[in-house]
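Thanks for making time this morning.

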Amino acid sequence: IESIDLLRGVVMVLMALDHTRAYFHLGAFVNDPTDLAITTPVIFFTRFITHFCAPVFVFLAGTSAFLYGSRKTKPALFKFLITRGLWLLFVEIVIMNFIWFFDIRYSTILLQVIFAIGVSMIALGILIFLPKKAILILALVLIAAHNLLDGITMEGNHFSSIIWYILHQYSFIEFSGNFVMIVEYPVLPWIGVMVLGYCFGGLYAKDFDAGKRKKWLLRLGIGATVLFFLLRGINIYGDLVPWTTQKNTIYTIMSFLNVTKYPPSLSFLLVTLGPAFLFLYATETAKNRITDFFLVFGRVPFFYYILHILFIHLFALLGLLITGGDWKIMILDERDFAGGLLASYGYPLWVAYLIWIGVVLLLYPLSKKYMNYKGSNKDKWWLSYL
C-alpha cells in the first residue's frame with residue numbers, strides 16, 4: 001500500500017531535520033525552539049513541521065500491525081507484537097541511548113519514541129483479543145480524555161512516581177551516582193495513537209472499497225483539523241498550555257500552534273494526524289519519481305531511524321574535529337548538560353539544513369539496498385524485526 005509507505009517516508013525524512021537541528025544548530029542543546037521568549041519564526045516552524053513525525057510514526061505502526069495480522073491468526077499476531085515490543089525496549093535502552101550519547105557509562109537513559117512504540121505494541125498485543133468496537137472506544141478515550149490527567153503530578157524517584165512518569169508525566173529523574181533517566185514519551189496517549197492506527201488499518205483491508213476509503217480519509221482529515229481549531233480557539237481543554245496574544249500576529253499564530261508534545265495533547269494529535277489523513281487521501285494513487293524517493297525510507301523506517309541518528313551524531317563529532325573544536329563534547333553525559341558546556345556549541349540554522357539534506361541523500365542508497373534485500377527475502381522471519 002504505497003500511500004502508507006509514502007506518508008511514513010515523508011515523516012522519516014522530516015524527522016532527520018529535527019535531529020540534525022538538535023545536533024548542529026547553535027544553542028539547540030540548551031534552548032527550546034518553541035519557547036516564544038527566545039525563538040524566531042524560522043526556528044519555531046522548523047521545529048513545528050517535524051511535530052508530524054512521531055504521531056504518524058506511531059499511528060502507522062498500529063496500521064502495519066493490523067495489516068500484518070490480517071495474514072495471521074490472533075495468537076500469532078499477539079506473539080509478534082509482544083516479542084517485537086520487548087525487542088524495541090531493548091533497542092531503545094541499550095542501542096539507541098548509546099547512539100544518542102556515545103556514553104559507554106550510560107549515565108543518561110532517554111526514553112523516546114522507540115520506547116513508546118515498544119510499550120504500545122505490548123499493550124496492543126493484549127488488546128487485540130477484545131471486540132473491535134471496544135478497541136476503538138479505548139483508543140478514542142485514551143486520546144481524547146488523557147488531558148484530564150494533566151493535573152496529576154508526582155515528584156522524586158520513588159517507584160510509584162516512576163510508574164506515573166512512564167504513563168503520563170514528562171520527567172527528568174535524578175538518581176545517585178551521576179545517573180539520570182529522562183521520560184520524554186509517557187506512554188498512555190501513545191498507546192491510544194497506536195491502537196487507533198490498528199483500527200484505522202481496517203480501511204486498507206483487501207475487501208474494503210477504495211472509493212469508500214477515500215471518503216473516510218477526507219472526513220477524518222477535515223474533521224480532525226477543524227476540531228483542532230475549535231478546541232484551540234475555545235482555549236479551555238485539549239492542551240496543557242493555553243495560547244495567548246503575543247507581540248505581533250506571527251507570534252500569536254505561533255502561540256496558537258505551540259501545542260504540547262510531551263505527552264502529546266489532544267490538540268497536538270489533532271493538528272498532526274488530521275493533515276496526515278488528508279495526505280493519504282491526496283496520494284492514494286500518486287506515483288512519480290518523488291514518491292518513489294520517499295517510498296524507500298517508508299519501507300525501511302526502523303533501519304533508517306537507527307542509521308540517521310548514528311550518522312548525524314558522527315557528523316557532529318567530525319565537524320568539531322574539522323573546525324578545531326573539542327570533539328569530546330559530543331560524548332554526551334549528564335555533566336555536559338548540567339555544566340552548560342554545550343551552550344556555545346553549534347552552527348547557523350542553514351548549516352543544519354545542509355547537513356540534513358546530505359544525511360538523507362547519503363542514506364538513500366543504503367536504505368534502497370536494504371529495502372530490496374528485505375523484499376527479496378520475505379522468508380527470513382527476523383527481517384520483520386528490523
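Predicted model: local features only at pLDDT ≥ 70, side-chain atom pairs only at ≥ 80, totals over all residues.

Which side chain meets that of R299 in a salt bridge? The partner is E2, at 3.4 Å from N to O, where a salt bridge is a side-chain nitrogen of Lys or Arg within 4 Å of a carboxyl oxygen of Asp or Glu. The pair links distant parts of the chain, since R299 sits in helix α12 (residues 289–299) and E2 in helix α1 (residues 2–24), 297 residues apart.

Residues are numbered from 1 along each chain as its sequence is written, and side-chain values use heavy atoms, with hydrogens and water left out.

A second salt bridge joins R105 to D333, with the closest N and O atoms 3.3 Å apart. R105 lies in the loop between α4 (74–101) and β1 (108–111), and D333 in the loop between α13 (301–323) and α14 (334–339), so this pair ties together parts that are 228 residues apart in sequence. D333 is buried, with a relative accessible area of 7%, whereas R105 is partly exposed at 43%; buried means under 20% relative accessible area, exposed over 50%, and partly exposed in between, using a 1.4 Å probe and protein chains only.

R232 and D239 also meet in a salt bridge, at 3.9 Å from N to O, and both residues are buried. The search of the whole structure finds 11 salt bridges.

Key:
Helix = DSSP H or I, 4+ residues; strand = E, 2+ residues; numbered from the N terminus.
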